[in-house]
Amino acid sequence: EAPAALVARAPRAAPRGRARPARVLRLEARAHVSAARVLFINDTARNGGPGRSLHTILTHLPPGAVHRIVLLPREDEIARLYRRARCADELLIDPDLLENPVQPWARAVEREDLTAPWSVRGPRLAANVFRASRLARSLPALVRAQRVDLIYCNGTTADFVGGLCALATGVPALWHVRYTSVAPALRPLHQRLARSAAVSRVVCVSRASAALFPGLGDKVTVVHNAVDVAGFRRGATPGCLKGSAFPADAVVFGSSGRVLPRKGFPLMIRAAHAMWQRTTEAERARLRFVIVGDAPADIPGDHLAECRALVRELGLDAVFLLPGFASDVRPYLEDTDVVVVPSVYPDPLPRTVIEGMAYECPVVATNVGGVGEMIRDGVDGALLPADVTVDALADAMLGYLRDPARRAREGSAARSSVREGFSASAHGAQIYREILTALRR
């Protein structure tokens, strides 16, 4: 549908004697010359999948249908990604969109900041309260100045910020929910905003995420994440493991993501050790492991260092690689044979699963959160119980090591599954329909 068609159907006739809303009049006045103006708020500059998922959306929205105004908290990897892809019509940076309540004034938060003495953190917290109050004034002003028609909230903090801005301005908000839990102290406000008319539409990445919104009926819908199947495929980029860090004929079990305890990477490392003990000398010559990602600086503790220490403790240094953060995981996926997703919490819909499937990798994963909505057990991967033991995970991985025909068969099915159900082009069209629905409501 063209934006003009959207506007023609969006407003109902105003009751006699009541003025039509200014936003509706503005939309109707320019429907023949411009697209709907949408402010996309992404609340992180580097960490996690939301920013990359938004990149997929921005890139695959119908051309010319949406004027894409993107707001980020600072310049970092996500901003560079959007600039390279030219997927935003306007890219705005506002440091008052805080990533952490105790971050310093002039730079991103670092891990040491989280454990600084209260003589340091206290003034920073007070300064950030001031910055938040400043954002409460500047963001509504931005929405009005930019003549925004819809506030698209991408992330947990973005949902709160955008929802409150919608209340202040009367411009509707669309929540794209990529989480399965909310801090207890914030639940009442979260529920109130979700039920308010200010939040016009709630798009959840999985049924596990949608469970946060009981009783909201058709206001809530599930739209799974997607991947660019043309860019995520075998041969799209050169590999970076086989023939260099690993043998050319290696069988590689890999994973990626933020290195946090809830992602279950110690479980994978211990399963790799148990698997190693059960393999023959010939199998060991080819067996290798990799986890790509780092520990976010705005979360206490360096879990990446803990995982590296566990690898050393178990004597896997020569075969288990943890290279840290990578702006592009495709060179690693190119050399990965089986993807492992050992999450130990209700993971909403990890991109690692569909990215691996796009690369024709069967996926061994715990059946938590939305993971089971992507993998068909025994068809394109293996779904294991949420409380899977180290030995059971090791057995599942060993089965793939010793059965190359199974790897090929399930990898091919995984690629087909992504093309049919998780392609970015169809995803962009579906998100555009959700934008239309949000505006009509």
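Arg 46 lies over the face of Phe 325, 3.7 Å from the ring centre; a charge sits over a ring if NZ of Lys or CZ of Arg is within 6 Å of the ring centre and within 35 degrees of the ring normal. Welcome to this predicted model, where local features need pLDDT of at least 70, side-chain atom pairs count only at pLDDT 80 or more, and totals for chains, interfaces and linings use all residues. Residues are numbered from 1 along each chain as its sequence is written, and side-chain values use heavy atoms, leaving out hydrogens and water.

**Rings**

- Arg 330 likewise lies over the face of Phe 232, at 5.8 Å from the ring centre.
- The count of aromatic pairs comes to 6 (ring centres of Phe, Tyr or Trp, its six-membered ring, within 6.5 Å; planes under 30 degrees apart are stacked, over 60 edge-to-face, the rest tilted).
- The rings of Phe 253 and Phe 289 have centres 6.0 Å apart and planes at 35°, so this pair is tilted.
- This pair links distant parts of the chain, with Phe 253 in strand 8 and Phe 289 in strand 9, 36 residues apart (strands are DSSP runs of E, at least two residues, and helices of H or I, at least four, numbered from the N terminus).
- Ring pairs join Phe 253, Phe 289 and Phe 320 into a cluster.

**Ser 53**

- Ser 53 is found in helix 3, residues 50–60.
- With 4% relative accessibility, Ser 53 counts as buried (under 20% relative accessible area; exposed is over 50%, partly exposed in between, with a 1.4 Å probe and protein chains only).
- Leaving aside residues up to four places away in sequence, Ser 53 touches Arg 178, Asn 225 and Arg 351 (contact means heavy atoms within 4.5 Å).
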